[in-house]
Amino acid sequence: MPLHNIIKGERFFKYAREGFLYKALHEITHQVKSRVYAFLSKYIRSLLYGEVLREDERFIVLIFDVEEDLDFYSELYYNSFKYIDSGAFNDLISLLDDLDICATFYITPQVAEHLNDMIKESLLNTHSLGVHLHPHNVVRVNYPFYSRSIIDHLSLYKYDEKLTMMQRAKSRIERVLDRKIFLFRSGRLCCDDEIEKIASILGYKAISNHRYTYYIKPLKIWNLDAGKHDLFVLLLKHGYKPLVKCITKSTEKIIALPGHPMRLYNYQRGKIISHLLSTFSSFIKTMIKEGNVHFIDQYRLLLLLERRLKMNTLGCEPGHNDFNDYGLLKYNSIK
Ligand SMILES: [Zn+2]
């Protein structure tokens, strides 16, 4: 075989190994694996151990991803902070404060460095904070930038690259806020075994990357429910009543509602979508009135779960019997 054909062939395999198709296939396989795992773990848990929390306890967990702004119509990142500078983000925080609701904010290093002292203080004193990491914020990219680009998938990087990115993001945010951060959530919820292991090594107590709440025993780290649909998209499309009905009917004890505050700003028109904020306010007020749910942030929920775990084991460290074969905490048995 002529030499140039061999080189061509080698190039092809190199491309196949490292190229888009391989990466996409890897990502799809991982997504399927993690969904099957989450489904099985929930199914086995509910089959064996019943319910996690007391009969009268139901929680709504608000999770906000606070990152560089994204034009949702064109799916492009612009690396600007219009939804923060316009006051939309501040309006959201003031509203939560007025309603006496604690939420969890996952912020990127750039956002942490951009926030004014007033917002920082409110986030630190009232709410809980986590590190949010999009690789495109760390790797140098040219803006505007396609949001679905493969470069933004943390799970496709090598172990050392993941470690460096996660380590830098954590230390940058901790330095700016002068506070230890214990929660981690990756952009696009990209997660794999290595990311979980690194999260544990870096001292996180919990990640929020998969559905459902469970303890990952070998890593001594929790997964707090990542949630599913964007809260603001649901409210914008359907109003708050269907969502209230859906939550009221649901049998889930922990209802995680993720949302992107950047959706409170219309980039085309250049103004705050104030009716979305008032729909959000009506949603919260109605849920409080319904009375069968409590709003809790992820860090307080984590403390509650850990306390229950200790109570269950009479003040001892979690023992072997507290976990099922999958290493998932039998928190359903905690009464
Ligand atoms: Zn994000």
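**Close-up views of a predicted model**

**View 1. The largest nonpolar core.** The largest nonpolar core holds 68 residues, and Val61, Phe105, Ile107, Tyr204, Ala206 and Trp222 have the most contacts inside it. A nonpolar core is a set of buried Ala, Val, Leu, Ile, Met, Phe, Trp, Tyr and Cys residues joined through C-beta atoms within 7 Å. Strand E1 gives the largest share of this core, six residues. The model is predicted: local features need pLDDT of at least 70, side-chain atom pairs count only at pLDDT 80 or more, and totals for chains, interfaces and linings use all residues. Residues are numbered from 1 along each chain as its sequence is written.

**View 2. The surroundings of Val61.** Leaving aside neighbours within four places in sequence, Val61 is in contact (C-beta atoms, placed from the backbone, within 7 Å) with residues including Thr104, Asp225, Ile254 and Leu301.

**View 3. Helix H12.** Helices (H or I, at least four residues) and strands (E, at least two) are DSSP runs, numbered from the N terminus. Helix H12 covers residues 274-290. Its residues Phe280, Phe283, Ile284 and Met287 are buried. Seen down the axis of H12, these buried residues fall within an arc of 90° (of the directions from the helix axis to the C-beta atoms), so they line one face of the helix. The face turned away from the buried side carries the exposed residues Ser274, His275, Lys285 and Lys289. A residue is buried if 20 or more other C-beta atoms, placed from the backbone, lie within 10 Å of its own, and exposed if 12 or fewer do.

**View 4. The cover of H12.** Strand E1 (59-66) and helices H4 (88-99), H10 (231-238) and H11 (241-249) are among the elements that cover the buried residues of H12.

Note on methods
The expected span of a helix is 1.5 Å times one less than its number of residues. Two residues are in contact if their C-beta atoms, placed from the backbone, lie within 7 Å.
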